[in-house]
Every structure is written in structure tokens, then in C-alpha cells.
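Visitor: I have a structure open and would like to learn how to read it. Could you walk me through some of its features?

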Amino acid sequence: MTDQKIEEQLFARSRFNPEKAEQNGFQKNGDGYQNTIPFLNGAFRAELRVNPDGVLPGEVIENAFNEPFLPLRVAQETGSFVSEVREAYEALLKQVREECFDDVRFRSDQAVRLAAYLQQKYSEEPDYPFKDDQTMAVFRTGGKWYALIMSVPYEKLEPGRDGIAEIVNLRQDTKRTEPGIYPAWHMNHRLWISVMLDGTVSDTLLYEMAEESRGLIRKEWKI
């Protein structure tokens, strides 16, 4: 992990636990939490924030200059010193994850309910085909995708909005314009949609669209 996704990858399947976090140094700040943790013998500090969506952005400050350590986010920076800082920061984040977060299958409660519904109705469990991105969970019928749950920056769907969204991509044969439904992120806009899994779309409609997606895939592939 050598880019701006360090935190996103490490916390992809974790949920912030405020009670545990407060016991381990995080303090309430507005509608989020924050903590500052020194590392590498005090040469650096990690300034960590948890926003209302439970996402943990972090910034590494080099104390000698009191400035962000920018090489941390540059994939091409692979020298021994940068690697040492990066590894120490990742180790710190893993400790924070263990102490202040709970392991979960998905970020959102609605994603958990959708997965439970599909498992109960079709006995189909998600798999994670991308080793480098465990935020992506795929549901298949006859080996073909019909639902893809993933975490993406909100700005990919709503430019200018900060934070991380959990969405599901579904196959549809009609255009949908309801709130919380967008042209599919990273898939064919004519054939797929992205649905925000934050409760904007009701569970009833979400389940109907998931069933429709599965039916269309089975029809297209004659499953």
C-alpha cells in the first residue's frame, strides 16, 4: 500500500467503535473524533481523524519540520527511509484498528441486510475477487456477477462531497432516477446502476432491484 489509499485499504472492513476509541486516546471533536500518536521515537506523529461516516483519514507529520511527510503517499518513493516510515505508520494504523474498530463484513447496516437477504433467498454468499481491494464483494449466479458491493469516494458519484460511500452495482434494463441511485461507477452506464447503501433507497426497493439484476443476468447468460 503506497498511495493515498493506505487508510482506506486497512480499514475497509472495519467499523469505528467510539467507546473503545475513547478508551484508547481518541477525543470527541465536533461530529467526529481525533487523536495524535507519535511514532518512530517521536520523529513523526500521526494525526488521525474519524469523520461522521466512520472513515479514518490520517496525516503523517515530520516533527523536525512540523510539515506533512509527503513521500509517504508517492508510490514511486521506495527508498529505505520512506519505506521505514510507511511500514511504521501502517503498523500504527493496524494497532488503532485492533483497539478502536470492530471487524465487520460490510461498512453499512444496509449492505449487511442485503447480503443476508440474498443468502437466505438464493443461498449465495459473496466472494472477494480482488486481492488488492477487499472492499469489493461480488454476488454471482451461475458464475456471473449480478451484484457488486464496494466502497468508493462519495465524489465519484456526487462531485464535491467528501468521505467514503458503500454502494452496490446492479444490472437494470430501465433507467432509474430515484434519489440514491446513480449511473454505475466503473461499469457500463447503460446496463448497470450504483445504489447508495445508506438507507436513501428502501430495503424493499433495493431487494427488488437485486432480484431483477439476478434475473437479467440469468436470462442473458441462459443460466
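Guide: Gladly. Let us begin with strands: two of them pair if DSSP finds at least two bridges between them. Helices (H or I, at least four residues) and strands (E, at least two) are DSSP runs, numbered from the N terminus. This is a predicted model, where local features need pLDDT of at least 70, side-chain atom pairs count only at pLDDT 80 or more, and totals for chains, interfaces and linings use all residues. Residues are numbered from 1 along each chain as its sequence is written, and side-chain values use heavy atoms, with hydrogens and water left out.

Visitor: How many bridges join strand 4 to strand 5?

Guide: Five, again in an antiparallel arrangement, with strand 5 covering residues 58–62. Here A46 faces V60.

Visitor: How many residues of strand 4 are buried?

Guide: Buried means under 20% relative accessible area, exposed over 50%, and partly exposed in between (1.4 Å probe, protein chains only). In strand 4 (residues 44–50), five of the seven residues are buried.

Visitor: How do I read a pair of aromatic rings?

Guide: Such a pair is described by the distance of the centres and the angle of the planes. Rings of Phe, Tyr and Trp (its six-membered ring) pair if their centres lie within 6.5 Å; planes under 30 degrees apart count as stacked, over 60 as edge-to-face and the rest as tilted. There are 12 aromatic pairs in this structure. One of them is F16 with F101, edge-to-face at 5.3 Å centre to centre and 65 degrees between the planes. This pair links distant parts of the chain, with F16 in strand 1 and F101 in strand 7 (residues 101–103), 85 residues apart. F16 is buried at 13% relative accessible area, and F101 is buried at 3%.

Visitor: Which residues do ring pairs link into a cluster?

Guide: The cluster holds F11, F16, F26, Y33 and F101.

Visitor: Where does K144 lie?

Guide: A charge sits over a ring if NZ of Lys or CZ of Arg is within 6 Å of the ring centre and within 35 degrees of the ring normal. K144 is over the face of W221, 4.0 Å from the ring centre.
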